[in-house]
Amino acid sequence: MNDNYKLKDWAPKFNKKGAELMRSMHVHFDNQNDGQEFQQIDFNNQQEFLKNNLTKKYQIKLLTSFNERSVWAVVGKSKDDSQYFWAIDRQFESEISVDQLKKLFS
């Protein structure tokens with residue numbers, strides 16, 4: 001990672017861009033039930049699912065551009081520390097790994 005990116009905790013202002021990244025980059029879930037439910041609904045409902053369901057089950061962090069206009073990665077860690085979900089923009093995959101994203105919670 002470099003100084004052009006910011007690590008942010010989830011906030012409502014990131015909901016649409018976070019859901020968009022998760023949809024376009026085929027978010028990966030350790031919990032298959034959450035993954036299937038997210039993938040089977042339309043974009044508007046995915047935004048609601050992120051805001052109303054995932055934020056209650058997971059602590060969520062986002063990697064954003066410095067000006068916060070772009071979201072490059074989303075990672076969530078379950079409240080009991082047992083499961084994760086993540087999505088990384090293709091342009092950013094060479095700069096951060098899934099393991100590095102998970103370590104952001106340490």
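## A guided tour of the sheet and its helices

Begin by selecting strands S3 and S4, which run antiparallel and are joined by seven bridges. Strands here are DSSP runs (E, at least two residues), as helices are DSSP runs (H or I, at least four residues), and both are numbered from the N terminus. Two strands count as paired if DSSP finds at least two bridges between them. The model is predicted, with local features requiring pLDDT of at least 70 and side-chain atom pairs counted only at pLDDT 80 or more, while totals for chains, interfaces and linings use all residues. Residues are numbered from 1 along each chain as its sequence is written, and side-chain values use heavy atoms, leaving out hydrogens and water.

Within this pair, select Leu62, whose bridge partner in S4 is Val74. Then move to the hairpin of S3 and S4: five residues lie between the strands, and Glu68 takes a positive phi near 65°.

Val75 has Trp86 in S5 as its bridge partner, and Gly76 stands opposite Phe85 in S5. S4 and S5 also form a hairpin with five residues between them, where Asp81 in the turn has a positive phi of about 65°.

Is S4 mostly covered or uncovered? S4 is mostly covered, as eight of its eight residues are buried (buried means under 20% relative accessible area, with a 1.4 Å probe and protein chains only).

Now display the whole sheet. Five strands form an open sheet in the order S1-S3-S4-S5-S2, with antiparallel pairing. The edge strands, S1 (5-9) and S2 (28-29), each pair on one side only.

Select helix H1 (residues 15-24), which packs on the sheet and touches S2, S3 (58-65), S4 and S5. Contact means heavy atoms within 4.5 Å. The direction of H1 makes about 90° with that of S4; angles run from 0 to 180 degrees between N-to-C directions, and axes are lines fitted to C-alpha atoms, for helices over the stretch in contact. Helix H3 also packs on the sheet, touching S2, S3, S4 and S5, and its direction makes about 110° with that of S3.

Finally, select H2 (residues 32-39) together with H3 (residues 43-57). Their axes come within 10 Å and cross at roughly 165°. H2 and H3 are therefore roughly antiparallel to each other (an angle over 145 degrees). At their contact, Asp34, Glu37, Phe38 and Gln39 in H2 meet Gln46, Phe49, Asn53, Leu54 and Lys57 in H3.

How values were computed:
Angles under 35 degrees count as roughly parallel, over 145 as roughly antiparallel, 65 to 115 as roughly perpendicular and the rest as oblique. Buried means under 20% relative accessible area, exposed over 50%, partly exposed in between (1.4 Å probe, protein chains only).
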